[in-house]
Amino acid sequence: DCSRPSLARPPFLPSSASMNMPHSFGSASGLVLGDSPPPASPNSTKHPVPIPTASSISKRCWPVHPMLRNELDAFSVHFYIFFGPNVSVLPDRPAVFVINLLPVLDSGGVLNLELRLNVSSLCGENVTVFGCLNHEVPLTSGDNASVTCETESLSGFLLSVNATASLSRLRIPYPQTGSWYLSLRSLCATEHGFEPCTNVTAEVYLRAYLSPCINDCGIYGQCKLLRTNNYLYAACECKAGWNGWGCTDNAEAFSYGFQLLSTLLLCLSNVMFVPPVAIAVRSHYLMEAAVYIFTMFFSTFYHACDQPGIVVFCIMEYDVLQFCDFLGSLMSVWVTVIAMARLQPVVLYLLGAMLLSMALQMDRHGLWNLLGPSLFALGIMAIAWTARTIRRRHCYPPTWKRWAFYLCPGALIAAAAVLLYAFVETEENYFYIHSIWHLLIAGSVGFLLPPRAKPSGRLGPIARRKGCGYQLCINEQEELGLVDPAVASINSICTS
């Protein structure tokens, strides 16, 4: 610590010694940098460490520039330099900066470092600015002949910018917390290697920040915050066969034609709902037909928006499309089973819509969101069919053709769809297994939807014949109170 020369510290400590690095944001301090002496045992007295003089300290002591932090969000922190972000690298001394990463808060993201050289500040000289980033212990770029960022016991990250390559980036996923030191040093290229420059001050734009993911995972990935026990970290969830830290590895990526094919399969398979809609309209099941149209519309555009890569088309927000697609699918099952039970009260449809909406808000991807309402509706249908069977004293539905050609095939198709959805569908086979799911569910609805209900067996009012169906005889004079009923002749008025 150059600010305390009274301490008997060598200019360079062994790697085993602990360095009291400055962590204050406001105080000006410095570090002693140079070549490390051979490490000595703590108990050894054969090789005493020389105590530096004031003149040697002034030659080797360089100021450390602290960087202020600005927290924006989870794993999103920007580091700022006083009087920055442009940094002047003098020819006779390096510029050293310290980045402090806090435990837990900063270890789950990506440390990004960017150097950009201002070519106009080089005055025509062949200057290269080397940067050395190291954890806890600052390092320089080595001697002039071989520019490295390593010692016998330490190793850092080396960056370089020059007139040809004026931009250099470094990304460190899940960085170790503590102090990271960046030392910038300008050297001029000659025939014998690199040498210190004379009267050339290089200007470098320095940017350091923390981000949750690398480049927000690009167009083929999604950045997600994950928690494992007490550890919180961010990671990219890649799609369409892309891999890597930032979803940039296309070794197993899907081609454009494959993406287009998967999108068309998932979208066009919903056309299978057209026959159930026509059957429902023909049988006067208008509410069921409206639910099927709702399901077909939102399932088509949800899968068009849900695709990874560049074959994507969204007419609404993704969350809205997903909710409507899931709700329409479950409501299609609900109204079909209620129609099979020959129950027409609107309260059952409203109750199903409210309960399904609540279940989807709790967990949209849960298997019981599909099986629970389906089993409940099947229970209602079983009770209704049992009651009709007992009242009529014969099996309901009464015809064997209804069982053989409609109910049994429809039930088998629906069961196959549920088994595919629950046990076969994975992320790898999603696009074609889910397309088969659309075809099977829509096909089962066409078989299971009951025919139009026949008129009731009760007879209406009997049509009356023309003329007097019966006679009502009223004594006109008695009604008028003109004569005594006992002696008056009876003149009847007959009315139908």
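This is a predicted model: local features need pLDDT of at least 70, side-chain atom pairs count only at pLDDT 80 or more; totals for chains, interfaces and linings use all residues.
The chain contains ten helices and 16 strands. Of its 496 residues, 38% are buried. Among contacts with a separation of 6 or more, 69% are between residues 24 or more positions apart.

Side chains of opposite charge can pair when their charged atoms come close. Seven salt bridges are present in the structure. Several of them involve one group of residues: a network of salt bridges links Glu114, Arg116, Arg169 and Arg207. Glu114 is located in strand 6, which covers residues 110-117. This residue counts as buried because its relative accessible area is 7%, and the cut-off for a buried residue is under 20%. Glu114 pairs with Arg116 in a salt bridge in which the closest N and O atoms are 3.2 Å apart. Arg116 has a relative accessibility of 37% and is therefore classed as partly exposed.

A salt bridge also joins the side chains of Glu114 and Arg207, with an N to O distance of 3.9 Å. This pair connects distant parts of the chain, since Glu114 belongs to strand 6 and Arg207 to strand 12 (residues 202-211), 93 residues apart. Arg207 is partly exposed, at a relative accessible area of 32%. When neighbours within four places in sequence are left aside, the contacts of Glu114 are Leu167, Ser168, Arg169, Tyr205, Leu206 and Arg207.

Another salt bridge is formed by Glu71 and Arg69, whose closest N and O atoms lie 2.9 Å apart. Glu71 is partly exposed, with 47% relative accessibility.

Helix 9 spans residues 430-448 and consists of 19 residues. The distance from its first C-alpha to its last is 26 Å, close to the 27 Å expected at 1.5 Å a residue. The buried residues of helix 9 include Phe431, Ile433, Trp437, Ile441, Val445 and Leu448. His434, Ser435, His438 and Ser444 are also among the buried residues of this helix.

A nonpolar patch on the surface is made up of Ile219, Tyr256, Leu260, Leu264, Leu268, Val271, Val274 and Ile310. Together these residues have about 760 Å² of accessible area. Helix 2 (residues 256-268) contributes the most to the patch, with four residues. Val271 is found in the loop between helix 2 and helix 3 (274-282). Its relative accessible area is 47%, so Val271 is partly exposed.

Terms used: Residues are numbered from 1 along each chain as its sequence is written. Side-chain values use heavy atoms; hydrogens and water are left out. Helices (H or I, at least four residues) and strands (E, at least two) are DSSP runs, numbered from the N terminus. The expected span of a helix is 1.5 Å times one less than its number of residues. Buried means under 20% relative accessible area, exposed over 50%, partly exposed in between (1.4 Å probe, protein chains only). Patches are made of residues with over 30% relative accessible area and no salt bridge: like charges are joined within 9 Å, nonpolar side chains (Val, Leu, Ile, Met, Phe, Trp, Tyr) within 5 Å. Accessible areas come from the Shrake-Rupley method with a 1.4 Å probe; for residues, only the protein chains shown count as cover. A salt bridge is a side-chain nitrogen of Lys or Arg within 4 Å of a carboxyl oxygen of Asp or Glu. Contact means heavy atoms within 4.5 Å.
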